[in-house]
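Good morning. I have one structure to go through today, and I will keep it short. Please have a look at it first.

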Amino acid sequence: MCDYSSVGDRQALEKQCFSIKKASPKAVSWVPNTGLPTSTQLLTTKLQSSIMDPEKDLQDGLLVPTRNVRKLNKLARKNIPDTAGAKWFNMPAQTLTPELKRELQLIKLRGALDPKRHYKKEDSKKLPKYFQIGTVVEGPGEFYSSRLTRAERKATIAEELLADAGVQTFRKRKFAEIMEKSSAGRNNKRKQKKSFKKRR
């Protein structure tokens, strides 16, 4: 800052301050290198197109928004998060990992695991897009009736089903029945072929 203590030094100080004020904006100012032409260059040269080529004309990842309304709407739609909607409390769409996919397939096919339970028929091929996985916490009144012990608790549904003895016995019985039916069909076909050959 300039100090005017004496009248004789005032003119010399004013010249110094004026020169500092003139020089300081040039020394301190900073203009980013955008690669865009200046106003004088715009007047002298003609732009070939109104939309700039991002690979040639832009530098340092600078984004120039387009004037096309359709492209702007498309960009706006991409920026909206993928949710189930306000009625479903904006439940986000999950990324399907192989573990999550296996869990969802088991939940879809739960009707085939227990013969005494019946569920509403669903399309087992399509997996849901919006879902959340949580842990069931039993109340204090269900301590003896419907609580899993610490040994019965597993990390995934697949591990719980593999550890459940009732599901294992039912699965083995159904597998044996299916094998008997298929082998019986094969035996009948063999017998028919043999009898047909004997007739000739």
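This is a predicted model: local features need pLDDT of at least 70, side-chain atom pairs count only at pLDDT 80 or more; totals for chains, interfaces and linings use all residues.

The protein has six helices and zero strands, so the pattern along the sequence is simply α-α-α-α-α-α. Of its 200 residues, 6% are buried. The accessible surface is about 19,000 Å², and carbon and sulfur atoms account for 57% of that. If we take contacts between residues at least 6 apart in sequence, 48% of them join residues at least 24 apart.

Now helix α3, residues 69-79. Is this helix buried or in the open? It lies largely in the open, because zero of its eleven residues are buried, meaning under 20% relative accessible area. At the start of α3, a side-chain oxygen of asparagine 68 comes to within 3.3 Å of the backbone nitrogen of arginine 70.

The largest pocket holds about 730 Å³ of space. It has 16 lining residues, and those closest to its centre are Arg117, Glu160, Leu161, Asp164 and Val167. Which helix supplies the largest share of this lining? That is α5, with four residues. By class, the lining has nine nonpolar, seven charged and no polar residues.

The second largest pocket has about 540 Å³ and is lined by 20 residues. Nearest its centre are Gly134, Thr135, Val136, Ile157 and Glu160. Here α4 gives the most, with three residues. This lining includes five polar residues, along with eight nonpolar and seven charged ones.

That is what I have. Thank you.

Note on methods: Residues are numbered from 1 along each chain as its sequence is written. Side-chain values use heavy atoms; hydrogens and water are left out. Helices (H or I, at least four residues) and strands (E, at least two) are DSSP runs, numbered from the N terminus. Buried means under 20% relative accessible area, exposed over 50%, partly exposed in between (1.4 Å probe, protein chains only). Contact means heavy atoms within 4.5 Å. Accessible areas come from the Shrake-Rupley method with a 1.4 Å probe; for residues, only the protein chains shown count as cover. A polar contact is a pair of N or O atoms within 3.5 Å; within protein, one must be able to donate a hydrogen and the other to accept it, and residues adjacent in sequence count only if both atoms are side-chain atoms. On a 1 Å grid over the protein atoms alone, a cavity is a set of points where a 1.4 Å probe fits but cannot get out, and a pocket is an open set with protein on both sides within 12 Å along at least five of seven lines; lining residues have an atom within 4 Å of a point. Grid points are joined across faces, edges and corners, and a volume is the space filled by probe spheres set on the points. Ala, Val, Leu, Ile, Met, Phe, Trp, Tyr, Cys and Pro count as nonpolar, Asp, Glu, Lys and Arg as charged, and the others, Gly among them, as polar.
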